[in-house]
Amino acid sequence: WLSEGRSLGLPTSRCVMALHTGGEPRMGGSCASAWPLGLIVSLFFLWGAANSLNDVLIRQFSKAFALRDWEAGLVQSAFYIGYFFGGLPAAKVAHEYGYRAAVTVGLCLFSAGSLLFYPVSRGGGSYGGLLCCLYLIAFGLAFLEASANPWVKVLGDLHRPNFGSVALNVAQSFNPVGAFVGVGGGRWFILDGTELPASTVEGAESNAALSEYREHEAALVGPPYVVMGLVVGAVACAFRCTRFPDTAASSQGAGGVKHSLSWTRLRTSAGRLVRNRSFGQGVLAQFFYVAAQVSVWSFIIRFVQFKVPGTDEKAAADFISISLCIFILGRFVASALMCVIQDCVLLRAYAVLAFGCCGIAARAGGRLGVAAVCATSFFMSMMFPTIFSLAISSLDDEDREVGASVVVMAIVGGAIAPPIMGAISDASSIAAAYWVPASCFIIVAAYAHCTHRQSVVGADDADHDDADADQEPGDVRAPIVFGHRSGQNEDEDAD
């Protein structure tokens, strides 16, 4: 297969990279067997379901534990802090033992955190304990995202040069499908539609009926997470038992020498990443994008009930499902548009339009504001995989695993923005709080603009290099300085 790759003009290092990440060769349009490919795609589905359930949990925990908006936002904080701290361990496992091993570890952690929901939610539940379960789930998801995203990108680029972004967008299209299923399950099996009036809650902390109500609401989150934990455990077993072409413990250099990702080499790689300006900008953009996405979706139920008074929680949760459907549509539309429009150009346009939608949501009332929030999902759809692909595109095989994990760690933006948004909501209104994601989209648009300018400058430099290569041997051209040829300036000075 390596010789076939060389005959097609593919660098040997890329062939080795795909082989040692557990990928199978994709030559001449042929692809891996359906079963391993289906397992990889299922990861995008699973972490989409886990992420979307947080939006339902925010509402459910607010009822079960009488939380203010900023306290409910800690659901996302616990979740995305788990992502942050899971990033580098995920990189080490992926580099030392291969992507399949990292995925298996992540699925086991994911399953354990989900199963623990049941005992922790019983007897009135413990809000802190449930946040710890979410942290464990997210810690495992960091292993999945740090492995599956670069895995798909490598296979896409191997199939066709510069096809990685498109392949990643297509694979990520199954992520909102999982999110849609997760929200639907949460709507039917967690939200029960029972909401006590504020007059009943106030001054009734010792009321036995109120205590029973809150205990019942806390217990509702256990069974759905048990089911999810069992499904994830089954997928982990499938990954463990499935035979992939190669799951070598580490990548190899050009000479075929095995290199262990020690902490010393990890620090060395991190040092190179810090000096990579375009990579740093990509990490920053991913931080603000995730902050915006999590903020937009976390408070949809609260936002709909504020803009359209009298809407019950189940009807308000339907707008999360609508947003996810729009998100799925936007992902497929973006995948098609990226075949004819440069990815950073499309990213810039989508970020500006998302900013506009959030601004309308903050200012407009009634159903127009709700429609604007839902429309934001269309323009958010392509941002995560596109920023991810742009951020790691400048990295070589030596730094790709660490770089991918650092980009995943940028998801910690989702831990910071929701409590800030909740605090603004408590102080003013939930509508005013939507200026938080709006400001984040401005940062994403600026990143896309800078990336586009860098690509244009790079293309111009390449054209100049080609022109110099085509120059005749005897044709000596003086360089142009500030619009004048330097030779001309020297002659004038001599005169």
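R302 is partly exposed, because its relative accessibility is 33%. Here, buried means under 20% relative accessible area, exposed means over 50%, and partly exposed lies in between, with a 1.4 Å probe and protein chains only. One caution: this is a predicted model, where local features need pLDDT of at least 70, side-chain atom pairs count only at pLDDT 80 or more, and totals for chains, interfaces and linings use all residues. Residues are numbered from 1 along each chain as its sequence is written, and side-chain values use heavy atoms, with hydrogens and water left out.

Which residue does R302 pair with? D69, in a salt bridge whose closest N and O atoms are 3.0 Å apart. Salt bridge here means a side-chain nitrogen of Lys or Arg within 4 Å of a carboxyl oxygen of Asp or Glu. D69 sits in helix 4 (residues 69–72) and R302 in helix 16 (residues 300–307), so this pair ties together parts 233 residues apart in sequence. Helices are DSSP runs of H or I, at least four residues, and strands are E runs of at least two, numbered from the N terminus. D69 itself is buried, at 9% relative accessible area.

Next, a network. Salt bridges that share partners join R59, K63, D192, E217 and E313. How many salt bridges does the structure hold? Nine. One of them pairs D192 with K63, closest N and O atoms 3.3 Å apart. Again, distant parts of the chain are linked: D192 is in the loop between helix 10 (174–189) and helix 11 (198–201), K63 is in helix 3 (residues 34–65), and they are 129 residues apart. K63 counts as buried because its relative accessibility is 8%. D192 is partly exposed, at 27%.

Another salt bridge joins E71 and R68, with the closest N and O atoms 3.8 Å apart. E71 is partly exposed, at 21% relative accessible area.

Now helix packing. The axes of helix 15 (residues 277–298) and helix 20 (residues 383–392) come within 8 Å and cross at roughly 165°. That makes the two helices roughly antiparallel; the label needs an angle over 145 degrees, while under 35 is roughly parallel, 65 to 115 roughly perpendicular, and the rest oblique.

Last, the surface. I81, F84, F85 and Y135 form a nonpolar patch there, with about 330 Å² of accessible area together. Patch residues have over 30% relative accessible area and no salt bridge; nonpolar side chains (Val, Leu, Ile, Met, Phe, Trp, Tyr) are joined within 5 Å, like charges within 9 Å. Helix 5 (residues 74–97) gives the most, with three residues. Y135 lies in helix 8 (residues 127–159).

Note on methods. Accessible areas come from the Shrake-Rupley method with a 1.4 Å probe; for residues, only the protein chains shown count as cover. Axes are lines fitted to C-alpha atoms, for helices over the stretch in contact, and angles run from 0 to 180 degrees between N-to-C directions.
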